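Student: Hi! Could we look at this structure together and work through a few questions?

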Amino acid sequence: MKDLLERDSQVKEVQTVREAGYDRHPYGLIATYQTGARVLFQFVVTSAEGDKFSEPEQIIEGDSAPAPVTVPDVFEGGKTSLANVDQHLTALVLNSGSREVQSAEAFSAREARGAVPYGAKITFHDTSRVYVYVVHALPAGRSDWPRGGEFDVPAAV
């Protein structure tokens, strides 16, 4: 995910949460977009059905990678739109060419919104899933991540 974001022209910088000194969620990335807005993503993974951690991972691929999709512009009205950010993220995954990826869904595009409004669910052919949650979003010029209020982010920063 870090590599996909780093190669995108809309993203200025990507750090792991560890590199950034953020310790509330141990697995995540912080993306700084060209507007200066910063988004903190948390990653939660579910294993493949029947996965045995004592054995090597079984890579399962589909016949082909998912069909390419249009990568949306994350900027809207001079700000970084969080709905566009999660759709941008899913487009990068779908366009990655990985035959392991079965599907990717942006939370903001769901008909029924869940408790976490922005993020993505990536499903792999082996039935494992990666959930990417938008934990915090800061406008340009702010660097102080709030304590608390996780997942309660504005629509744009």
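Student: How many bridges join strand β7 to strand β8?

Tutor: Good place to begin, and keep in mind that this is a predicted model. Strand β7 covers residues 119-124 and strand β8 covers residues 129-138. The number of bridges joining β7 to β8 is 5.

Student: Which strands are the edge strands of the sheet?

Tutor: Let's follow the order of this open sheet of 6 strands, which is β1-β2-β3-β8-β7-β6, with antiparallel pairing. An edge strand here pairs on one side only. That gives β1 (11-16) and β6 (101-106).

Student: By how many degrees are neighbouring strands of this sheet turned against each other on average?

Tutor: The value is an average over neighbouring strands, with direction ignored. It comes to 20 degrees.

Student: Why is helix α3 largely enclosed by the rest of the structure?

Tutor: Helix α3 (residues 82-94) lies across β1, β2, β3, β6, β7 and β8. Buried means under 20% relative accessible area, and among the buried residues of α3 are L82, H88 and L94. The helix is largely enclosed because the number of its 13 residues that are buried is 11.

Student: Which residues does A155 touch, leaving out those up to four places away in sequence?

Tutor: A155 is found in the segment after β8. With residues up to four places away not counted, A155 touches T80, S81, L82, A83 and Y118.

Technical notes. Residues numbered from 1 in each chain as written. Predicted model: local features only at pLDDT ≥ 70, side-chain atom pairs only at ≥ 80, totals over all residues. Heavy atoms only, no water. Pairing = 2+ DSSP bridges. Helix = DSSP H or I, 4+ residues; strand = E, 2+ residues; numbered from the N terminus. Axes fitted to C-alpha atoms, helices over the stretch in contact; angles between N-to-C directions. Contact = heavy atoms within 4.5 Å. Buried < 20%, exposed > 50% of the residue type's maximum accessible area, 1.4 Å probe, protein only.
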